[in-house]
Structures are given as C-alpha cells and as structure tokens.
Amino acid sequence: MHPLPRGLVELYGLLAVLFVLVPEWMAGGVLSGFRDARDGSELPLPSMAWQRLPELQLATMGLAELRQLACRERICGYASMGRQRLTNRLLRRLSRRRRGPRTL
C-alpha cells in the first residue's frame, strides 16, 4: 500500500475541522446563549399528574431502575424481561396496589 501524499492528508485534516469541529463549536455557542437568556429560570416542577400517573413515572426510568423497582415489588423473573414487558407487569402491580385488596 502506498502512503497518501502529505498534502492530501493535510487537506483531509482541514476538511475534518471544517465539517465536524466548527459546527460543534457553533452549536455549543448557541446552546449556551439559550441558557444565558433564560435569566435563571428553572424547569417547572413536575405536575400533580406526573406524580399520580405511574405510566409517566415508569416512562422516565431506565431499564436498570425498572429492574430495581421490580425487585422491590418482588416480581419474579424480572431480570430476563424486556423493557415493555417489565413496564406492563409493573403497571399492573402498581395499579392493583392503588385499588387496594379485593374483597370477596
């Protein structure tokens, strides 16, 4: 294999800077401008619906957090479940707990 000419390597380096690094710097500058324009305002606190609805709470959790919750809820076989199946099982368990025990 023949090595690339030095001028071609320098051209590729220049193109990499122009097409990758410069847009990253520009995007970072724009994002920091948005952050500074907020004048210290913080994100709103979660609404009551966010705290009441387990669907919203579970949607924000990662798979590891879902598995920890399943462990606390004593759901069998949670380690081998996928995200969707685990979320469905947790929703059933949490909704059953909210309704309370069934009476015969």
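Contact here means heavy atoms within 4.5 Å. The model is predicted, so local features need pLDDT of at least 70 and side-chain atom pairs count only at pLDDT 80 or more, while totals for chains, interfaces and linings use all residues. Residues are numbered from 1 along each chain as its sequence is written, and side-chain values use heavy atoms, with hydrogens and water left out.

**View 1. Overall chain.** The chain holds 5 helices and 0 strands, in the order α-α-α-α-α from the N terminus; helices (H or I, at least four residues) and strands (E, at least two) are DSSP runs, numbered from the N terminus. Among contacts with a separation of 6 or more, 27% join residues 24 or more positions apart. Of the 104 residues, 12% count as buried (under 20% relative accessible area; exposed is over 50%, partly exposed in between; 1.4 Å probe, protein chains only).

**View 2. Nonpolar surface patch.** Leu4, Val9, Leu11, Tyr12, Leu14, Leu15, Val17, Leu18, Phe19, Val20, Leu21 and Trp25 make a nonpolar patch of about 1200 Å². Patch residues have over 30% relative accessible area and no salt bridge, and nonpolar side chains (Val, Leu, Ile, Met, Phe, Trp, Tyr) are joined within 5 Å. A salt bridge is a side-chain nitrogen of Lys or Arg within 4 Å of a carboxyl oxygen of Asp or Glu. Tryptophan 25 lies in helix H1 (residues 6-37) and counts as exposed because its relative accessibility is 58%.

**View 3. Surroundings of glutamate 73.** Glutamate 73 sits in the loop between helix H4 (63-72) and helix H5 (83-99). With a relative accessible area of 14%, glutamate 73 is buried. Beyond its neighbours within four places in sequence, glutamate 73 contacts Leu90, Arg93, Leu94 and Arg97.

Definitions and conventions. Patch = residues over 30% accessible without salt bridge, like charges linked within 9 Å, V, L, I, M, F, W, Y side chains within 5 Å. Areas by Shrake-Rupley, 256 points an atom, 1.4 Å probe, with all protein chains shown as cover.
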